[in-house]
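Please look over the structure shown below before turning to the briefing, which is set out by topic.

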Amino acid sequence: MNKLNFLQPDKNNFYTYLYTGVILVALSIFIVFLNSFFNKDIVSFLPGPISFFLPLILGFIGLHLIRIDYSGLRFLDSINKNINTNNFNAFLSLLIVFVVIKSLPPLLSWFIIDANIAGDSKDVCTGSGACWTYIKIWFNRFMYGMYPNPEQWRINLSFIALAFLGCVGFFATEKFKKYLTLYYVVVYPIIAFFFIFFFISGGPIFFDFSYGIIAAVISIILGFFIPSKFKMYYFIIVPITLYILLKYVFFYEELIELGKLEALEWVETGAWGGLSLTFIVSFFCLIFCFPIGLFLSLGRRSDFPIIKYISIGMIEFWRGVPLITVLFMSSVMFPMFLPEDMFIDKLVRVIIAISLFEAAYVAEVIRGGLQALPRGQYDAAKSLGMGYWKMHILVILPQALKLVIPGIANTFLALVKDTPLIFVVGLLEIVGMLNLAKTNPEWLGFAMEGYVFASVLFFIICYAMSKYSYNLEQKYKTER
Amino acid sequence: MNIKKILPQLLTLLVVILVFGFFSYNAQINMENRGITFGYGFLSQESSFDVQFSLIEYDGSHSYFRAYLVGLLNTILVSVIGIIFATIIGVVVGIARLSNNYLINRTAAVYVEFFRNIPLLLQIFFWYFAALRALPLPQDTEPMFGVFFLTIKGFFVPAFVWNNLDVFIYSIIAAIISIIFIRIYAKKKQENEGIQTPVLSISIGLLLILPILSFLFGGVDASVEIPVIKQLSQSGFTFEGGIKLPPELISLALALSLYTATFIAECVRAGVQGVSKGQKEAAASIGLTPNQVLKLVVMPQALRIIIPPTTNQYLNLTKNSSLAAAIAYPDLVLVFAGTALMQTGRAIEIVSITMLTYLSLSISISIFMNWYNKKIAIKEK
């Protein structure tokens, strides 16, 4: 038997070191565990500071003893490699483990054990934990804002329909794949706009929307029987004719009748709110800011000096000011710039403001992609006789946009995270609704629950977005 | 000059001019109808509103321009505090992200993913309305280290009371100037004679000795004023003396620095990872010590990658500090674009001044960054 040297553990007496070390580490974790979960201090017979630091000292010595290179045990080796490379690392690892064990019981008790969710009034919240009843009661408001309860199916239906229409790309057959870009860039935003503008806000204008939908459905069904040669003209002429026929010939009499009653109740945008408003605002800003940003970035690299400097001015202006002042501008300064009888809805103004603001950031991101392309691509495209637009659409932009997927995703994430700022103009999306609920005299004192709830929601949305963008990036990655 | 080049430019110019003309025409008519004349004369008028927290002397009898300065200084204050803490946290977390200790690495990653995926406004609200509201009332507060008091009404810290503060400041300035000269001299000496001067120890010595001398001979005198609890009424208590940091400032600075630190951490990580392994190996192979490798080879190259995006984050932090308006911290947006605008009704002038302030700040920083990038760019042949 070799001599034991506890300062330098080695492979001779391997199991002596291993067992002593494991026992010490286990003991230290056990002490902390008992202390935090059962509130029992089994080392209280020791003087204060020593009993406080005892687990740390024991664990530290234990980890030192099991730090044996090439022990032959796979588990031990991986521990040594990952959390126990030297004294400093061992110390930090122990600290992290202890902090996690220490902070678990209070968190668990606040979130689950002492929390209340049953009942439907403030009185049930007697425990020391969270009051999830508050979230349960206010859930409807957090999702839909002040939107009248019986009408909320309209928001649900629109979102479900838009989600389905958004998934079209996954089901498209090879034959239709080439139209997908056109569909997502032009058709889908228009459909979405009609849904939200006419369906969610409702009012007599809803009839126009339903005629439009009927015309579109009929023309698509008929479209399958039309020879492809005429399809282009067909899809321009037939839906419009059908729409006009429906509106002014077939249902004209009924329209006058129906115009007096309201099929769908008019809900003004001031009543929209909650998470659905977050989605609406970020969805529209996302749609609008991308093309604007694209044109700004092309303008900034243009050969025409006037266009170039106008683009630079636009980009630098929007990038230089905080979003909150832009929203202030849209709410207090912009009405001064319009003729007196002209009124633009608050929500529309906000969407325009955020879109312009984010477009400047998108422009800078895209410019990065354009600059990263080698000159050869431009020269090659020109040598094939392509003009400016053809060159950009077919050669430059597909490559440049592929390069900047992460940057654009970051900008979109920033956009989603910026939507709560619309409280400045008095629109209450989910954070605004939380602040409103917090000041309700019947539900005072539950601010924490509300913010935790909203944080979790936003975290899920943003984290999913960033993971999705990462997947996209991997999918379109091409070796250069 | 062919028409194909001029026509699109002229068209764009025309559209821009038309839009601007339309706007300014309407603005003129609207202002005439409301009986306002455009002008910045109101800045010298008496403001007659109070601000609850200001760095310079201010009350209702001062001018609107003074109110603007109060707001601007408060914005700068919270930005500077935020930048300092964001840098410290960001660098620590960024280095932790690079650690090969699995636990440390994961903890840092969780922190980064969590805090940057939650809207900043939500974080500010969380700290202000939820976390800081859980603090004790002044009379129940246990002092931290005997002198700091963290209460629901704010953070009370001891203040220094100085005699002859200016002499002390002059001594520090003198120390800094002499350090700069010594550095230049040492560099020249190394280039000419190859002898290294211990600049670091000399500068630390100077920074210590000169202020101490000012205490001994310059008549500088400092004492500490500890906040003392004082009863205002039956149940109302407050602290007197010392410096009071309002809860708005604390929660804003906390949220800003925790949020921005996640981005700075990613910048730091990208920067250190961006230095290729070959550089470190090459440096080690010519006989540099590990410290020298870090100081002379890795850090200069990593900093070149880290600094530009980090400056961008500082700029973002400064712009994000305008969210102060949401929790009534009297920054530029709240004082000037909020209260002053409500009182005067001069929307165009005030919003334009506010925007110009932020704009000039960010443009000057981006001009500086362009200059810096050009200066440190690797000169390739």
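Chain B has an average pLDDT of 84, with 98% of the residues scoring at least 70, where pLDDT is the predictor's confidence in each residue, from 0 to 100. This is a predicted model, in which local features need pLDDT of at least 70 and side-chain atom pairs count only at pLDDT 80 or more, while totals for chains, interfaces and linings use all residues. Residues are numbered from 1 along each chain as its sequence is written, and chains are lettered from A and ligands numbered from 1 in the order in which they are written. The model scores ipTM 0.83 and pTM 0.85.

**Domains** (bounds from an automatic or database domain assignment)
- In chain A, domain 1 covers 14–113 and domain 2 covers 119–147 + 267–480, and their C-alpha centres lie 46 Å apart.
- In chain B, domain 1 covers 3–38 and domain 2 covers 64–121 + 246–376, with 37 Å between their centres, taken over C-alpha atoms.

**Chain A**
- Chain A contains 21 helices and one strand, counted as DSSP runs numbered from the N terminus (helices H or I, at least four residues; strands E, at least two).

**Contact between the chains**
- The contact takes 43 residues from chain A and 47 residues from chain B, two residues being in contact if their C-beta atoms, placed from the backbone, lie within 7 Å.
- Helix 21 of chain A supplies nine residues, the largest share of the side of chain A that touches chain B.
- That side of chain A has 31 nonpolar, eight polar and four charged residues; Ala, Val, Leu, Ile, Met, Phe, Trp, Tyr, Cys and Pro count as nonpolar, Asp, Glu, Lys and Arg as charged, and the others, Gly among them, as polar.
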